[in-house]
Amino acid sequence: RWTAAVPVDPQTLPAAGAHITAVSCLHPTVCYAADSAGAVLGLQSAGNWPVAVTDPNGGLVALSCAAPAFCAAIDSAGNAITLSQGSWSSPAVIGSGSGTVTSVSCTGPAFCMAVDSVGQAFTYRGAGVGWSQQSVDPSGQALDAVSCAGPADCVAVGATGEEFRYDGTGWSAPDMVDSGHQLVAVSCTGPAFCMAVDSSGLAAQYSAGQWTLSPMGWTPVTVSCPSAGSCLAAGASGMVASYAGGRWSKPSAVDNGTSISQLSCVAMNSCAAIDTSNNVLFYSAAGTG
């Protein structure tokens with residue numbers, strides 16, 4: 001069941017005019033959110049979201065957290081701040097160029113992958129190494145999402161409907177997944193399973209070495225798969241659907257008509273969602289809280 005939507009940060013967001021841009025959870029009760037004013041907000045047991053750290057450059061656009069207690073948040077100017085061993089770092093430049101980071105995926109304190117709006121990728125190899133930059137899409141088209149199951153297993157998708165795969169050293173040539181459509185989100189659990197959603201209401205599932213498209217009957221904007229074959233997708237009007245047993249459920253409205261923009265699931269019975277009105281909703285199986 002989903003909880004009622006509650007404001008993420010009622011103390012600071014209304015005054016600053018900021019909006020939540022990303023959410024990522026390490027545990028059912030350990031989540032972080034980032035906002036457009038540069039604040040990272042940490043969920044506390046009381047249910048409130050005080051500011052954990054502020055990026056002086058503002059404009060946080062992407063966030064990913066991974067066990068053990070590691071997060072990376074990236075701002076629109078291409079700076080990253082990281083949480084490691086309980087402390088947040090100062091901003092560090094991740095690369096150069098004219099693009100804006102669109103997505104980041106971390107697997108642990110020694111690996112993250114970020115992608116941007118002009119086909120570039122940025123790899124983090126730990127505090128002692130920092131960030132490096134690679135060109136992914138030779139056409140310079142936007143990469144809208146990246147998902148990494150491990151340091152040698154990332155998938156990036158974007159504006160052209162193609163996928164790009166990272167094997168630990170470099171990126172593959174583009175492989176067409178969804179011709180003529182923009183892939184807006186992707187979530188991978190390993191080399192054998194990914195789920196992506198596009199801008200026209202199609203889901204693209206990767207399994208058995210190939211992509212398969214299926215109509216969803218609605219248009220999600222975010223997807224999170226905590227295990228192979230199990231996913232949640234969310235989007236316009238607060239609609240949510242689950243994927244299990246090889247099929248999508250019928251969508252249901254959980255947020256009173258407000259669109260959901262971000263979703264983070266640590267398990268199929270434990271997800272956090274952020275909507276476009278700066279509210280958070282939590283999902284848990286019936287009887288678990």
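Author: A word on conventions: residues are numbered from 1 along each chain as its sequence is written, and side-chain values use heavy atoms, with hydrogens and water left out. In this predicted model, local features need pLDDT of at least 70 and side-chain atom pairs count only at pLDDT 80 or more, while totals for chains, interfaces and linings use all residues.

Reader: Happy with that! How many aromatic pairs are there by the rule?

Author: Eight aromatic pairs. Rings of Phe, Tyr and Trp (its six-membered ring) pair if their centres lie within 6.5 Å; planes under 30 degrees apart are stacked, over 60 edge-to-face, and the rest tilted.

Reader: What makes the pair of Trp-2 and Tyr-283 tilted?

Author: Their centres are 5.1 Å apart, and the planes make 50 degrees, so the pair is tilted. Trp-2 lies in the segment before strand 1 (6–7) and Tyr-283 in strand 30 (residues 279–284), so the pair ties together parts 281 residues apart in sequence. Strands here are DSSP runs of E, at least two residues, numbered from the N terminus.

Reader: Why is Trp-2 called buried?

Author: Because its relative accessible area is 18%, and buried means under 20% (exposed is over 50%, partly exposed in between; 1.4 Å probe, protein chains only). Tyr-283, at 24%, therefore counts as partly exposed.

Reader: And why is the pair of Tyr-32 and Trp-88 edge-to-face?

Author: Its planes stand at 75 degrees with the ring centres 5.9 Å apart, so edge-to-face it is. Tyr-32 is buried at 16% relative accessibility, and Trp-88 is buried at 18%.

Note on methods: Helices (H or I, at least four residues) and strands (E, at least two) are DSSP runs, numbered from the N terminus.
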